[in-house]
Amino acid sequence: MSQAPVRVSPLIKFGRWSLLLVGIAYGAAHQSRLSKKEEKVREIEAQQKVVRDAKLAEEKKRSAEAEARALAELSQPKPKN
């Protein structure tokens with residue numbers, strides 16, 4: 001009914017384990033390299049965020065001032081002629 005398991009050659013076992021370990025080592029090295037690259041990108045983005053936030057704050061301030069002027073003009077009664 002059930003057959004005995006096939007005996008795998010020690011050379012094949014060694015090859016499988018070797019490739020597994022090489023793959024794990026490669027993955028760890030690749031992840032490390034990508035993490036360093038991403039860290040540099042995040043630093044650049046953090047620097048750009050400061051500039052972008054300053055520009056947005058200035059734009060928001062100008063928009064608020066323009067809106068206040070528009071509301072002031074609308075709230076003042078117009079002289080009748």
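# Reading a one-helix model

Q: How many residues apart are Arg42 and Glu38 in helix H1?
A: They are 4 residues apart, so about one helical turn separates them. A helix here is a DSSP run of H or I with at least four residues, a strand is a run of E with at least two, and both are numbered from the N terminus.

Q: What should I know about the model first?
A: It is predicted: local features need pLDDT of at least 70, side-chain atom pairs count only at pLDDT 80 or more, and totals for chains, interfaces and linings use all residues. Residues are numbered from 1 along each chain as its sequence is written, and side-chain values use heavy atoms, leaving out hydrogens and water.

Q: Back to Arg42 and Glu38. What do they form?
A: A salt bridge, with the closest N and O atoms 3.5 Å apart. The term means a side-chain nitrogen of Lys or Arg within 4 Å of a carboxyl oxygen of Asp or Glu.

Q: Is Arg42 buried or exposed?
A: Arg42 counts as exposed, at 56% relative accessibility. Glu38 is partly exposed, at 38%. Buried means under 20% relative accessible area, exposed means over 50%, and partly exposed is in between (1.4 Å probe, protein chains only).

Q: How many salt bridges does the structure hold?
A: It holds 3. One of them joins Lys49 and Asp53, with the closest N and O atoms 2.7 Å apart. Both residues lie in helix H1, 4 residues apart, about one turn of the helix. Lys49 is partly exposed at 42%. Asp53 is partly exposed at 34%.

Q: And what about Arg62, which residue does it bridge to?
A: Glu58, with the closest N and O atoms 3.5 Å apart. They sit 4 residues apart in helix H1, so the gap is about one helical turn. Arg62 counts as exposed at 55%, while Glu58 is partly exposed at 37%.

Q: New topic. How many helices and strands are there?
A: The protein has 1 helix and 0 strands. Helix H1 covers residues 10–75.

Q: What radius of gyration does the protein have?
A: 34 Å, whereas a compact globule of 81 residues would be near 12 Å. The radius is taken over C-alpha atoms, and the globule rule is 2.2 Å times the number of residues to the power 0.38. Along its principal axes the C-alpha trace spans about 110 × 40 × 10 Å.

Q: What share of the residues counts as buried?
A: 0% of the 81 residues. The protein exposes about 8400 Å², and carbon and sulfur atoms supply 61% of that area. Accessible areas come from the Shrake-Rupley method with a 1.4 Å probe; for residues, only the protein chains shown count as cover.

Q: Which residues form a nonpolar patch on the surface?
A: Trp17, Leu20, Leu21 and Ile24, with about 450 Å² of accessible area together. Leu20 lies in helix H1 and is partly exposed at 43%. Patch residues have over 30% relative accessible area and no salt bridge; like charges are joined within 9 Å, nonpolar side chains (Val, Leu, Ile, Met, Phe, Trp, Tyr) within 5 Å.

Q: Which feature does UniProt place at residues 34–74?
A: An unreviewed UniProt entry puts a "coiled-coil region" there. Over residues 34–74 the model is 100% helix and 0% strand, and the end C-alpha atoms are 57 Å apart.

Notes. UniProt positions renumbered as here; feature names shortened; annotations may be inferred.
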